[in-house]
Amino acid sequence: MIPSRNVHAPPAQSPRARWAVGIIGITAVAATALTVWLGLWVTPPDQSQGDLVRLVYIHPGVAWVALYLAFALAAVSSLLFLWTRTRSMFWDRLAAASVEVGVVFNVCTLISGSIWGKPTWGVWWAWDARLTSTAVLLVLFLGYLALRRVPAEPDVRAKRSAFVALFAAVDIPIVHFSVLWWRTLHQGATVLNPNLSPTIHGSMAWTLLLGFVAVTLVFVWMLLVRYRIGVLEDYLGTGELDVALRERQAEGAVTDEEEAA
Amino acid sequence: MTTAPPRPPSPPEGAGRGTPRATPLPPVRDGHRLRYAVVGLVLVGSLVFLVAKGLGTALNYYLPADQAVAQQATLGSKTFNLEGVVAPGSIHPTARGVDFVVTSGSTRLPVANTGSPPELFQADIPVIAVGHFSGSTFISNQILVKHSSNYIAQHPKRVTAPNGTKQ
């Protein structure tokens, strides 16, 4: 028998939302494929870096998502959660999803940067301000994720996490401006430089831009899927607790009946 | 097994805040507590390490050659990262590596490097040499190439690139 309203079912996702997530996913794959094709076959080699320049179509895009988009979104969501007028678990879940995806992109930033660094700089890693502050950001947000695993009431957990996210977000401008404030091995910004005049031209510039769009779309898709998983996890969490409570209550009821008999 | 009564509908999205639980959360078990402590220690430890590294070396990753020469007396034979632009025509491969001159402002400083430099090492580019002063020469054992944030396509037909190097 199918009940008229299935109370066991998790909160449903509207067909429109499912459709939107699907479209974003397909667009992300198409944009990534186009970036790879343009980046590897169509664009010319660079004057000084030769074919090594092709990493510019991936690494800055991934870094943009990890360091700015994901963690800034997490910080804004956390702020909106802490502000009582906008407080809602939506912001907490969005921040959590954003940090989790951001951490993946942060690791990808460090790996792709390392792969680029070895042949160009001559080292996999250097303790310069840009690289070090990026590693600090990763550890801070890993701490955020670890904190979310500590059992607590959802409200308490959300508040704690929001404070940690805001604290960690202080490092975001440090990462961005590190190449201006201090002497670093890492080069300055190509697009978001102080003059806002991109120092990349022609098809290389367009492919770089497309790379940013592609990685951003991949991020948005992952964020939406992770958010949905968060909703289901919360449902499962409360559901499991309800079942456990009811089992205990049922046990108690049986014992009472036995005693009465 | 007894039939469980139907589960109450889950709270709508956004309504989770402040929903009181019927019972307090189960206490944290000792094994879990140890795990949290270990994870916390690892995270705090790596953060302290990174910040120490950052404040120690990262803030001034290198010293430009002109400043290094000015501070030579205080630097002594201390190892540090020296930065300068490779002077054109100064690169001479040697048995143990490569000799070249870096310029910074009006300063010219000879560098004797042990080991082969990275692939992109060439004249007219900024490099960082890791080493120390020995008299008026800088003895290094590692060269890092500091590439710029400018990306310019190669022009196979052009004889000389804008920075003066042959294509």
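Predicted model: local features only at pLDDT ≥ 70, side-chain atom pairs only at ≥ 80, totals over all residues.
**Exercise 1.** Is the crossing of α3(A) and α5(A) left-handed or right-handed, and which residues bring α3(A) and α5(A) together?

*Solution.* Helix α3 of chain A covers residues 89-120, while helix α5 of chain A covers residues 154-169. Their axes lie 10 Å apart and the helices pack at an angle of about 50°. Angles from 65 to 115 degrees count as roughly perpendicular and those under 35 degrees as roughly parallel, and α3(A) and α5(A) are therefore oblique to each other. The crossing of this pair is left-handed. On the α3(A) side the contact involves A:M89, A:D92, A:A95, A:A96 and A:V99, which meet A:P154, A:A158, A:S161, A:A162 and A:A165 of α5(A).

**Exercise 2.** Describe how α2(A) and α5(A) cross, and list the residues in contact.

*Solution.* Helix α2 of chain A, residues 59-82, has an axis that comes within 8 Å of that of α5(A), and the two cross at roughly 135°. Since only angles over 145 degrees count as roughly antiparallel, α2(A) and α5(A) are oblique to each other. Their crossing is left-handed. From α2(A) the contact draws on A:F71, A:A72, A:A74, A:A75, A:S78, A:L79, A:F81 and A:L82, and from α5(A) on A:A158, A:K159, A:A162, A:A165, A:L166 and A:A169. Twelve of the residues in this contact are nonpolar, one is polar and one is charged.

**Exercise 3.** What distance does α3(A) reach from its first C-alpha to its last, and which residue with a positive phi follows α3(A)?

*Solution.* With 32 residues, α3(A) reaches 45 Å, which is close to the 46 Å expected at 1.5 Å a residue. After the helix comes A:G122, whose positive phi is near 105°.

**Exercise 4.** Into which domains is chain B divided, and how far apart do their C-alpha centres lie?

*Solution.* Chain B is divided into domain 1, residues 30-59, and domain 2, residues 63-145. The C-alpha centres of these two domains of chain B are 36 Å apart.

Terms used:
Residues numbered from 1 in each chain as written. Chains lettered and ligands numbered in written order. Domains from an automatic or database assignment. Helix = DSSP H or I, 4+ residues; strand = E, 2+ residues; numbered from the N terminus. Expected span 1.5 Å × (residues − 1). Axes fitted to C-alpha atoms, helices over the stretch in contact; angles between N-to-C directions. Left-handed = near helix turned anticlockwise from the far one by under 90°. Contact = placed C-beta atoms within 7 Å. Nonpolar A, V, L, I, M, F, W, Y, C, P; charged D, E, K, R; others polar.
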